[in-house]
Amino acid sequence: MKKSSIHIIIIPGNGGATMENHWFPAVIAGFEEHGIEVRARTYPDSYLARRKYWIPFLETELKAGPDSILIGHSSGAEAAMRYAEDHLIFGSVLISPCHTDMGVHTETISGWYTGEWEWEKIRKNQRFILQFSSRDDPIVPIGEQDFVRSKLAPEYHELENRGHFISQNEFPELITAVMEKVESMTVSG
């Protein structure tokens with residue numbers, strides 16, 4: 001597989017995030033500087049991030065498939081994991097992932113936590129998984145993130161003082177980690 005066929009799909013968290021928020025613009029620009037296509041759009045139902053809308057959007061609108069790297073933040077990490085249960089992808093990056101609704105009503109109705117997680121399928125349907133966590137995350141407890149880590153055995157990156165990764169405007173560690181994976185797993189053209 002050639003590097004030029006790989007593309008990134010960014011999946012934001014719930015709460016109405018757009019691709020103009022947080023670190024998204026800097027990350028999009030960083031990957032594009034490396035010649036990697038980025039598919040970054042505002043998702044339907046962006047406040048509640050319901051599974052019944054996001055999985056079809058990933059499949060039909062963003063064309064996620066075997067050449068896709070899904071970068072999911074918060075609820076977007078759950079979307080990436082659920083997508084990988086039933087679809088082949090190139091890899092994923094999970095930023096502040098969780099595996100339960102944490103007792104939050106809007107998380108409950110999102111649908112991501114309905115049904116058992118198919119951890120083995122998530123692992124087998126992609127070539128790599130990266131995870132970024134911060135112990136001071138005020139939204140997703142580190143125990144939730146550690147549980148996901150224990151089930152998926154990703155390449156793990158724990159960064160200090162990043163909270164829920166929403167107050168930073170840059171995320172160079174993300175770009176570096178993904179580019180290292182792409183470079184090591186593709187053939188130059």
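The residues that line the largest pocket of this predicted model divide into eight nonpolar, seven polar and two charged, where Ala, Val, Leu, Ile, Met, Phe, Trp, Tyr, Cys and Pro count as nonpolar, Asp, Glu, Lys and Arg as charged, and the others, Gly among them, as polar. The lining comprises 17 residues, of which N14, H73, S74, I139 and H164 lie nearest the centre of the pocket, and the volume is about 230 Å³. A pocket is here an open set of points on a 1 Å grid over the protein atoms alone, where a 1.4 Å probe fits, with protein on both sides within 12 Å along at least five of seven lines, and lining residues have an atom within 4 Å of a point; the volume is the space filled by probe spheres set on the points, which are joined across faces, edges and corners.

Residues are numbered from 1 along each chain as its sequence is written. Local features need pLDDT of at least 70 and side-chain atom pairs count only at pLDDT 80 or more, whereas totals for chains, interfaces and linings use all residues, and side-chain values use heavy atoms, with hydrogens and water left out.

The chain contains seven helices and six strands, these being DSSP runs numbered from the N terminus (helices H or I, at least four residues; strands E, at least two), and their order along the sequence is β-α-β-α-β-α-β-α-α-β-α-β-α. For 189 residues a compact globule would have a radius of gyration near 16 Å, and the 15 Å of the chain agrees with this, the radius being taken over C-alpha atoms and the rule being 2.2 Å times the number of residues to the power 0.38. Buried residues, those under 20% relative accessible area with a 1.4 Å probe and protein chains only, make up 52% of the 189 residues.

In helix α6 (residues 142–152), the buried residues are I142, E144, Q145, V148 and L152. Seen down the helix axis, these fall within an arc of 160°, so they line one face of α6, the arc being that of the directions from the axis to the C-beta atoms. Their cover includes α3 (75–86), β4 (91–95), α5 (119–124), β5 (128–133) and β6 (155–158), with contact meaning heavy atoms within 4.5 Å. Just after α6, A153 takes a positive phi of about 50°.

F57, placed in helix α2 (residues 51–61), is buried, with a relative accessible area of 8%. Not counting residues up to four places away in sequence, F57 touches R41, T42, Y43, P44 and L62.

Terms used:
Buried < 20%, exposed > 50% of the residue type's maximum accessible area, 1.4 Å probe, protein only.
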